[in-house]
Amino acid sequence: MDVAQLVKGLHERTAGFAEAVAGADPNARVPTCPEWPLRVLVGHVGQAHRWAAGIARSGPTPVPDPFDADPGSPEDWSDWLHEGASILADAVLSADDRPVWTFLGPRPATFWLRRMLHDTTVHHADAALATGAAFEVAPDLAADAISEWLEVLSDPVAQTVKPAFAELRGTGQTLLLRPDTGLGWLITRTPDGVRWTRATETADTALAGPARDLLLVLTRRLPIDQVTITGDRNLADHWLARTAA
């Protein structure tokens with residue numbers, strides 16, 4: 001996805017999130033983030049956009065506590081969320097090609113635009129599950145979210161950020177994510193870590209379904225039985241248990 005698509009996607013997913021929480025009880029529990037009431041989920045999304053914008057402008061700052069975020073009154077949530085998305089987009093566009101800090105090392109500022117777009121997409125699903133709102137995501141956006149997450153997991157630095165990722169090492173076991181349209185993702189567990197490629201090959205385990213459902217299963221927003229599983233179920237369970245963000 002190019003920068004224009006990322007910006008457009010961020011605004012669209014933020015709008016969808018804002019619609020999903022509109023008029024909802026701020027104290028309603030979010031089933032997929034069980035320690036958070038809805039107000040904290042809203043605060044986290046807007047807070048994360050502003051935090052990433054600050055990194056793009058001036059460098060790293062400590063990861064903020066979602067419980068410290070103040071999204072304001074529920075009737076102001078939509079404006080506050082849209083403002084945060086605009087602040088992030090403007091900061092990334094202003095940074096141009098300048099490398100900025102990321103938890104994987106210096107990257108173009110668009111790293112944060114893409115990371116926040118897909119983070120917002122998943123949290124839109126959280127909001128929809130909490131409020132009963134509809135949730136849909138275009139297949140190409142869901143596919144890019146899956147690819148982006150695999151890029152993070154396969155980076156050697158990721159294992160130092162989250163030690164559980166090191167347990168994804170293996171001796172050649174393969175897991176295929178097979179969407180109902182387009183190429184799938186063939187993941188291989190090697191002694192050095194995760195490797196992946198876009199492919200349609202067979203694997204030890206395969207998860208098949210719409211890209212939307214594959215994304216939500218991978219991020220543990222839907223149960224694994226939401227997709228079709230073939231091969232070694234234990235391999236899929238092992239993967240999901242060790243990739244919690």
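Student: How far apart are the mean positions of the positive and negative charges of the chain, and what counts as a charge here?

Tutor: The 21 positive and 32 negative charges have mean positions 5 Å apart. Lys and Arg count as positive, Asp and Glu as negative, while His and the chain ends are left out. Each charge is placed at NZ of Lys, CZ of Arg, CG of Asp or CD of Glu.

Student: What kind of model is this?

Tutor: It's a predicted model, where local features need pLDDT of at least 70 and side-chain atom pairs count only at pLDDT 80 or more, while totals for chains, interfaces and linings use all residues. Residues are numbered from 1 along each chain as its sequence is written, and side-chain values use heavy atoms, with hydrogens and water left out.

Student: What makes the chain's radius of gyration agree with a compact globule?

Tutor: The rule is 2.2 Å times the number of residues to the power 0.38, with the radius taken over C-alpha atoms. For 245 residues a compact globule would come out near 18 Å, and the chain has 18 Å, so the two agree. Along its principal axes the C-alpha trace spans about 50 × 40 × 30 Å.

Student: Which helices and strands are there, in numbers?

Tutor: Eight helices and nine strands.

Student: Why is D144 called buried?

Tutor: Buried means under 20% relative accessible area, exposed means over 50%, and partly exposed is in between (1.4 Å probe, protein chains only). D144 has 11%, so it is buried. R114, at 17%, is buried too. Over the chain, 51% of the 245 residues count as buried.

Student: How do you know that D144 and R114 form a salt bridge?

Tutor: The test is a side-chain nitrogen of Lys or Arg within 4 Å of a carboxyl oxygen of Asp or Glu. For D144 and R114 the closest N and O atoms are 3.0 Å apart, and the pair forms a salt bridge. D144 lies in helix α5 (residues 139-154) and R114 in helix α4 (residues 110-131), so the pair ties together parts 30 residues apart in sequence. By this rule the count comes to 13 salt bridges.

Student: What makes D70 and R39 a link between distant parts of the chain?

Tutor: Their side chains meet in a salt bridge at 3.2 Å, N to O. D70 sits in the loop between α2 (38-58) and α3, R39 in helix α2, and they're 31 residues apart. D70 has 53% relative accessibility, so it counts as exposed, while R39 at 29% is partly exposed.

Student: Where do R233 and D237 lie?

Tutor: Both are in helix α8 (residues 233-241), four residues apart, about one turn of the helix. R233 is partly exposed at 34%, and D237 is partly exposed at 32%.

Student: What makes the phi of D96 worth a look?

Tutor: Most residues other than glycine have a negative phi. D96 is not a glycine, yet its phi is positive, about 55°. D96 is found in the loop between α3 (77-95) and β3 (99-100), and with a relative accessible area of 52% it is exposed.

Student: Why is R220 called partly exposed?

Tutor: Its relative accessibility is 30%, so it falls in the partly exposed class. R220 also has a positive phi, near 60°, and lies in the loop between α7 (211-218) and β9 (228-231).

Definitions and conventions:
Helices (H or I, at least four residues) and strands (E, at least two) are DSSP runs, numbered from the N terminus.
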